[in-house]
Amino acid sequence: MSQSASTKTQRPLSPHLQVYKPQMTSVLSILHRMTGVGLTVGLMLFAWWLISAAIGPGAYAVFMNFAGSPVGMLLLFGFTLAFFYHLANGIRHLFWDSGLLFKIENAYKAGYAVLLFTALMTGATWYCVLNKGPYASPPVTATLAAAAVEGETP
Amino acid sequence: MNMKWDNHGMKTPLARARGLGASHAAVPGWIRLRVTAIGIAVLSLWFLWFLSQTIGASHAEFTTKLADPRNAICMLLLIIAAFSHAVLGNREIVEDYIHHEGFKIFKLIGTYLFFFAVAVACGFSVLKIAL
């Protein structure tokens with residue numbers, strides 16, 4: 001690098017996150033990368049799932065036990081959240097790539113749509129998982145509903 | 001040593017600007033990242049359906065479902081798309097945030113090899129179950 005002494009000062013290199021006020025647009029953008037990194041961690045769970053199934057019932061049971069443990073469930077919940085966020089915001093990015101939604105109010109509207117989609121899909125997925133999945137014996141929401149009914153008619 | 005942006009007579013501004021991004025050669029990676037993204041977005045519909053069919057399944061039920069050629073093919077496509085996308089996304093972040101050239105190359109080679117190995121392991125697992 002043939003830089004003269006005057007240009008050798010240590011300036012922050014792009015993208016310098018720390019100098020801007022957080023805004024909806026920038027925070028969602030940073031979240032996109034963070035969820036992307038999180039999803040690669042989730043990809044390791046995905047790999048464990050498939051490889052354990054190929055090894056046999058014993059290894060598969062070890063994975064399923066982990067998936068049903070509090071740590072496993074927390075990781076899977078985070079994976080679901082990151083997955084739906086990254087999916088929706090990725091589609092928002094594809095709109096931008098095709099030259100759409102560049103007006104600031106449209107970028108904001110799409111941002112809120114992404115957050116709404118993430119919340120709804122994560123909620124719907126876990127509603128199904130808790131009612132139908134391996135954690136559902138007895139189904140959590142059914143138990144809650146039964147408890148509510150019992151409370152109403154003592 | 002001349003920097004790429006030094007003004008050499010006949011060069012157009014575009015020619016001087018080319019290759020100055022964080023990766024020095026970004027366009028193919030940029031396109032691949034979008035193509036794999038679209039692939040994952042489509043396959044995620046199948047994946048959610050597949051999970052709804054296999055969640056809480058026994059090993060025998062799960063492997064039977066995955067052995068269905070339609071499911072095995074979709075799973076293989078998803079593995080290829082997801083791991084490519086992870087590698088490309090990781091590359092974008094590494095190129096943006098890691099400024100030490102040696103460590104950057106080390107990190108990129110390391111993640112390429114690691115993700116490639118895990119992707120091959122996943123693909124082999126699906127084939128072993130399905131075939």
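**Exercise 1.** How many residues of chain A are in contact with how many residues of chain B?

*Solution.* First, the ground rules: this is a predicted model, where local features need pLDDT of at least 70, side-chain atom pairs count only at pLDDT 80 or more, and totals for chains, interfaces and linings use all residues. Residues are numbered from 1 along each chain as its sequence is written, while chains are lettered from A and ligands numbered from 1 in the order in which they are written.

Now count contacts (C-beta atoms, placed from the backbone, within 7 Å): 24 residues of chain A meet 26 residues of chain B. On the chain A side, α1(A) gives the largest share, nine residues. Helices here are DSSP runs (H or I, at least four residues), numbered from the N terminus. By class, that side has 16 nonpolar, five polar and three charged residues. Nonpolar means Ala, Val, Leu, Ile, Met, Phe, Trp, Tyr, Cys and Pro; charged means Asp, Glu, Lys and Arg; the others, Gly among them, are polar.

**Exercise 2.** Work out how α3(B) and α5(B) are arranged.

*Solution.* Start with the angle: helix α3 (residues 59-67) and helix α5 (residues 101-130) of chain B pack at about 95°, with axes 8 Å apart. Axes are lines fitted to C-alpha atoms over the stretch in contact, and angles run from 0 to 180 degrees between N-to-C directions. The two helices α3(B) and α5(B) are therefore roughly perpendicular (65 to 115 degrees). Next, find the residues: B:T63, B:L66 and B:A67 of α3(B) meet B:V126, B:I129 and B:A130 of α5(B). Finally, sort them: five are nonpolar, one is polar and none is charged.

Methods. Parallel < 35°, antiparallel > 145°, perpendicular 65-115°, else oblique. Contact = placed C-beta atoms within 7 Å.
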